Amino acid sequence: MSAAEAEILFANDAFYAAFTSGDIDAMNAIWAEAAPVSCIHPGGPVLEGRAGVLESWGPILHSGQTQGFACHDAKAHVVGDLAWVTCLEVIGDGALAATNIFVREGGRWKITHHQAGPTRAQPQHNSGTGEPIGRVH
């Protein structure tokens with residue numbers, strides 16, 4: 001794994017840490033400020049603009065339903081100052097396929113787009129460890 005890929009996965013982890021902890025300030029910090037921002041929540045419309053996207057996260061983060069949520073099988077792709085992560089968002093027995101797009105702003109990777117939708121895929125690896133599901137570590 002390249003250093004840039006590791007940086008992207010770290011930024012992706014920060015996004016999911018804000019999500020699972022319900023931390024709106026941390027969520028605000030990870031989103032791009034100069035680049036255009038958009039988001040598509042499962043079954044929802046296309047949201048565009050930083051203010052609208054961050055406003056959409058408020059009810060989700062305050063719902064109390066983000067605990068037990070985990071990102072699995074994250075894979076980073078980097079092209080210059082643009083990067084994206086594909087992954088599975090898992091909660092309970094369900095999963096969503098997700099794409100998170102990042103841009104480099106001020107030397108830091110910031111998310112510029114998030115999209116998640118239903119999938120029949122099941123996670124292959126534990127979140128953060130890269131080890132197969134069910135492996136003791």
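**Fold, core and selected residues of the predicted chain**

Asp13 is placed in helix H1. Helices here are DSSP runs of H or I with at least four residues, strands are runs of E with at least two, and both are numbered from the N terminus. The model is predicted, so local features need pLDDT of at least 70 and side-chain atom pairs count only at pLDDT 80 or more, while totals for chains, interfaces and linings use all residues. Residues are numbered from 1 along each chain as its sequence is written, and side-chain values use heavy atoms, with hydrogens and water left out.

Asp13 is partly exposed, with a relative accessible area of 44%. The class boundaries are under 20% for buried and over 50% for exposed, with partly exposed in between (1.4 Å probe, protein chains only). Thr99 lies 86 residues from Asp13 along the chain, and the two C-alpha atoms are separated by 13 Å.

The chain holds 3 helices and 6 strands. Their order along the sequence is α-α-β-β-α-β-β-β-β. The C-alpha trace spans about 40 × 35 × 25 Å along its principal axes. The radius of gyration is 14 Å, which agrees with the value near 14 Å for a compact globule of 137 residues. This radius is taken over C-alpha atoms, and the globule rule is 2.2 Å times the number of residues to the power 0.38.

Of the 137 residues, 38% are buried. The accessible surface comes to about 7500 Å², and carbon and sulfur atoms account for 55% of it. Areas were computed by the Shrake-Rupley method with a 1.4 Å probe; for residues, only the protein chains shown count as cover. Contacts (heavy atoms within 4.5 Å) were also counted. Among those between residues at least 6 apart in sequence, 46% join residues at least 24 apart.

The largest nonpolar core has 30 residues. Such a core is a set of buried Ala, Val, Leu, Ile, Met, Phe, Trp, Tyr and Cys residues joined through side-chain atoms within 4.5 Å. Phe15, Met27, Trp31, Trp57 and Phe102 have the most contacts inside this core. Elements giving two or more residues include helix H2 (24-30), helix H3 (50-61) and strand S5 (94-105). Helix H1 gives the most, with 7 residues. Beyond four places in sequence, Trp57 touches Phe15, Phe19, Ile24, Met27, Trp31, Cys39, His41 and His114.

Asp73 lies in strand S3. Its phi is positive, about 55°, although Asp73 is not a glycine. Asp73 is partly exposed, with a relative accessible area of 24%.
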